[in-house]
Amino acid sequence: MSRCYCALLRKATRRVTSLYDDALQPIGINLAQFSLLRHIERDEPISMTELGRKIELERSTVSRNVKVLEGMGLVETGSGKDQREAVVELTENGRRILEDGAPLWQGAQDRIEAQLGTDAAAQLKELLQTL
């Protein structure tokens, strides 16, 4: 097995993401989409720039991902107070997906915690703060 931290962390991330993706499959979205919907829900309506800042992605990447959600009928975009800034908010379908997905997400969360132990989240947070 590799000693490269990057390779090991990427491999772990792919495995964990796969568990969540499998859990969310019945509602037709993946973990990245579910997570983006949750971030939008917390601060809606939210500008693309602010959303990118909160999830630590470039605005152009956020815009592409939001377009996919918009095509699925889960969000809608419009102009903010400043007409130059695009904002995004959930549709009723988006809210329903979050409601239906919450127990599926929690099931994946519980399975991972059962495998890693209850201290794993705290250890991961500490690692992130160190980096």
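Helices here are DSSP runs of H or I at least four residues in length, numbered from the N terminus.

**View 1. The whole chain, for orientation.** This is a predicted model, and its secondary structure comes to 6 helices and 3 strands. Reading from the N terminus, you go through the elements as α-α-β-α-α-β-β-α-α. The C-alpha atoms fill a box of roughly 50 × 30 × 25 Å along the principal axes. Of the 131 residues, 27% count as buried. The chain exposes about 9,200 Å², with carbon and sulfur atoms supplying 51% of that.

**View 2. A patch of positive charge around Arg14.** Arg14 sits in helix 1, which covers residues 5–24. On the surface, Arg14 gathers with Arg10, Lys11 and Arg15 into a patch of positive charge. For the chain as a whole, there are 18 positive and 20 negative charges, and their mean positions lie 7 Å apart.

**View 3. A nonpolar patch on the surface.** Here you're looking at Tyr5, Leu9, Leu124, Leu127 and Leu131, which together have about 580 Å² of accessible area. Helix 1 and helix 6 (120–130) are the elements that give two or more residues to this patch. Leu124 is found in helix 6.

View 4. Ser47 belongs to strand 1, made up of residues 46–47. Its relative accessibility is 17%, so Ser47 counts as buried; the cut-off for that is under 20%. Leaving aside residues up to four places away in sequence, Ser47 touches Glu85, Ala86 and Val87. Across the chain, of the contacts between residues at least 6 apart in sequence, 55% join residues at least 24 apart.

Key
Residues are numbered from 1 along each chain as its sequence is written. This is a predicted model: local features need pLDDT of at least 70, side-chain atom pairs count only at pLDDT 80 or more; totals for chains, interfaces and linings use all residues. Side-chain values use heavy atoms; hydrogens and water are left out. Buried means under 20% relative accessible area, exposed over 50%, partly exposed in between (1.4 Å probe, protein chains only). Contact means heavy atoms within 4.5 Å. Patches are made of residues with over 30% relative accessible area and no salt bridge: like charges are joined within 9 Å, nonpolar side chains (Val, Leu, Ile, Met, Phe, Trp, Tyr) within 5 Å. Accessible areas come from the Shrake-Rupley method with a 1.4 Å probe; for residues, only the protein chains shown count as cover. A salt bridge is a side-chain nitrogen of Lys or Arg within 4 Å of a carboxyl oxygen of Asp or Glu. Lys and Arg count as positive and Asp and Glu as negative; His and the chain ends are not counted. The place of a charge is taken as NZ of Lys, CZ of Arg, CG of Asp or CD of Glu.
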